[in-house]
Amino acid sequence: MELSRCSYTILGILNKRKAIDKIHGLTINEISKFERVSKRNTIHKKIKELEEKGFVSEGVKAARAKTYYITEVGSSILPIIKEEMDNV
């Protein structure tokens with residue numbers, strides 16, 4: 001399970017902003033405001049990869065934009081990553 005830095009950042013943003021269910025999801029524009037390094041297209045690609053792995057799911061639409069939220073599986077890998085970083 002190899003994820004990029006951008007993917008981990010997206011998961012962290014969704015978790016920190018409490019995007020944990022369909023109603024409280026964030027749009028790609030909202031995620032890009034917090035991420036600031038990657039372009040919207042890159043964020044979109046990474047979200048699709050995370051969605052395929054089951055770490056992120058699609059929420060309700062906000063106007064015409066799709067929203068995304070972190071799943072329980074996605075949340076569960078974040079503490080593991082933090083523990084791994086503490087051991088380095």
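Helices (H or I, at least four residues) and strands (E, at least two) are taken as DSSP runs and numbered from the N terminus. On that basis the protein has four helices and two strands, which follow one another along the sequence in the pattern α-α-α-β-β-α. The model is predicted, so that local features need pLDDT of at least 70 and side-chain atom pairs count only at pLDDT 80 or more, while totals for chains, interfaces and linings use all residues. Residues are numbered from 1 along each chain as its sequence is written, and side-chain values use heavy atoms, with hydrogens and water left out.

Of the 88 residues, 36% count as buried, where buried means under 20% relative accessible area, exposed over 50% and partly exposed in between (1.4 Å probe, protein chains only).

Helix H2 (residues 28-35) packs with helix H3 (residues 40-53) at an angle of about 110°, their axes lying 10 Å apart; axes are lines fitted to C-alpha atoms, for helices over the stretch in contact, and angles run from 0 to 180 degrees between N-to-C directions. H2 and H3 are therefore roughly perpendicular to each other, a label given to angles of 65 to 115 degrees, with those under 35 called roughly parallel, those over 145 roughly antiparallel and the rest oblique.

In this packing, Ile-28, Asn-29, Ile-31, Ser-32 and Glu-35 of H2 meet Arg-40, Ile-43, His-44 and Ile-47 of H3, contact meaning heavy atoms within 4.5 Å. Ser-32, which lies in helix H2, is buried, with a relative accessible area of 17%. Leaving aside neighbours within four places in sequence, Ser-32 is in contact with Arg-40 and Ile-43.
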